Amino acid sequence: MAATPQNPAAATPRRKVSRHRGEGQWAAGHHTPLNGNEQFKKDDDGLNVRTRIETIYSKRGFDSIDPNDLRGRMRWWGLYTQRKPGIDGGKTAILEPEELDDKYFMLRVRIDGGRLTTRQLRVIGEISQEFARGSADVTDRQNIQLHWIRIEDVPEIWNRLEAVGLSTTEACGDCPRVVIGSPVAGIAEDEIIDGSWAIDEIHERYIGSKEFSNLPRKFKTAISGSPLLDVVHEINDIAFVGVEHPDHGPGFDLWVGGGLSTNPKLGVRLGAWVPLDEVPEVWAGVVGIFRDWGYRRLRTRARLKFLVADWGPEKFRQVLEDDYLKRKLVDGPAPAEPSGRWRDHVGVHRQKDGRFYVGFAPRVGRVDGTTLTKIAEVAEAHGSGRVRTTVEQKMIILDVEEAQVEPLIEALDALDLTARPSPFRRGTMACTGIEYCKLAIVETKARGSQLIDELERRIPEFDEPLTINLNGCPNACARIQVADIGLKGQLVLNDRGEQVEGYQVHLGGALGLEAGFGRKVRGLKVTAEELPDYVERVLKRFQAEREDGERFAAWASRAGEEALS
């Protein structure tokens, strides 16, 4: 049919008009679940699965677990199925979940603020030895993860943890995860403000509450008053960063919308100063915005960072003030640049009470149950019985008298937990990797440990702060984009044309001073076998070409691609 003035539509075929379903924002009236995750959360709150674990699954065994509990709601209690042994990385994206699932679980112990007593640490160590084949990893969010957990043992594990004030409540899932905090809060000489009270209040008021137990996705919180900026605040959904207000005194600068994974974004300042006693209320306001306005249609856009990017900080602050807090926030200053090159608290440091704290470096966060109980013994023998975990997969023993510092260091050395590590031991981090993780493509923990040994042997004189982060997949649990050398696991071709484990390389990322994401050199991938040679080569070029006082990240950002290859 020809087009005419009376029939203009005949000029082009008709397009089918589909109804736009929105982004799944509850506040916009989009309550119909738009994906499987939203459906199982609507069907039953994740917190309710505990009763079924205690009364049904632990008694009837793994095969009795409902799939939506197994791969969904059980995360609200810190439980993930782990990867079945023997499945190579090439099958990660091919196999169905039930083919990847082992009949054992990873269990994440929630440690808000990284604060532990030696009694608590000993209990975790004993649980590891009795129920987890001795496994234990210190994570980069201050938790401790165990593996090889049987569903039959979970109620007893919970009983033991809760008897000493620990839990796995909302350690995973679409809910407020562990609140990370300065591991030396209330202790360090140079602290701006101690945020411990706020961490405790948030935990007491909101963790395990159904008010925030159904968020679009996970929600990560950081609170620190340390001038070292020691909680990677730039990559959390919300962060409270210690600052000194010229009129109101010490408080916190408010940041929102940070996160990594496959679409990394740095958090943004709202320009608001928050006093300590208002932190829980402001935190709840931001979480409320995420719950009500967060995108639930696509899981890939369900983090707060996407809403913040679309709204901008001005609108976000206005909605927070007008609709959630019902009052204006005080304008405030930005935090100063970090006061040190390392932010992990490793080494010997004076406390404000005149005693010392000693930070030490497990290899890429990997310990075991026996080692955890020995750390508890060492801490009791040389300190007061207080231990901390850090966001760099490190640990700290507090309250050490000056006369006990060297004996403590010797005791740690005997456990291969050095307080005077090389830059490679100190700065290398690794995620769980293919050993246990169903998303992983390559090995990380063992490879990171081997890389440390090789670099210490090959470049023993290297003494610059350096971060090397290994990740087993693109999801960036080990923060590859913000490392000096970030290594994203993938399958690559070796020089014989064979598909082998390897890494895409990111160079020059940083947090704190000049925060930004590392650059990806076109086509730069290394096999696992080539990794030590590659890192050695790049570090020697850095040593030869760097300007006086230049950091690796700054050099990597200006170096030519040939120097980085």
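**Exercise 1.** How many residues does helix α8 have, and what distance does the helix reach from its first C-alpha to its last?

*Solution.* Keep in mind that this is a predicted model. Start with the limits of the helix: α8 covers residues 279–293, which gives 15 residues. Next, take the span: α8 reaches 21 Å from its first C-alpha to its last, close to the 21 Å expected at 1.5 Å a residue.

**Exercise 2.** Work out how α8 is placed against helix α10 (residues 313–325).

*Solution.* Angles of 65 to 115 degrees count as roughly perpendicular, so α8 is roughly perpendicular to α10. Then list the contacts: on the α8 side they include V282, V286, I289 and W293, and on the α10 side F316, V319 and L320 are among them. Sorted by class, this contact holds nine nonpolar, two polar and two charged residues.

**Exercise 3.** Find R133 and H345 in the model and decide for each: buried or exposed?

*Solution.* First, check the backbone. R133 has a positive phi of about 55° without being a glycine, and H345, also not a glycine, has a positive phi near 65°. Second, locate them: R133 sits in the loop between α5 (118–131) and β4 (135–138), while H345 belongs to the loop between β11 (330–331) and β12 (347–350). Third, apply the cut-offs, under 20% for buried and over 50% for exposed. R133 has 55% relative accessibility, so it counts as exposed; H345 has 3%, so it counts as buried.

Technical notes: Residues numbered from 1 in each chain as written. Predicted model: local features only at pLDDT ≥ 70, side-chain atom pairs only at ≥ 80, totals over all residues. Heavy atoms only, no water. Helix = DSSP H or I, 4+ residues; strand = E, 2+ residues; numbered from the N terminus. Buried < 20%, exposed > 50% of the residue type's maximum accessible area, 1.4 Å probe, protein only. Expected span 1.5 Å × (residues − 1). Axes fitted to C-alpha atoms, helices over the stretch in contact; angles between N-to-C directions. Parallel < 35°, antiparallel > 145°, perpendicular 65-115°, else oblique. Contact = heavy atoms within 4.5 Å. Nonpolar A, V, L, I, M, F, W, Y, C, P; charged D, E, K, R; others polar.
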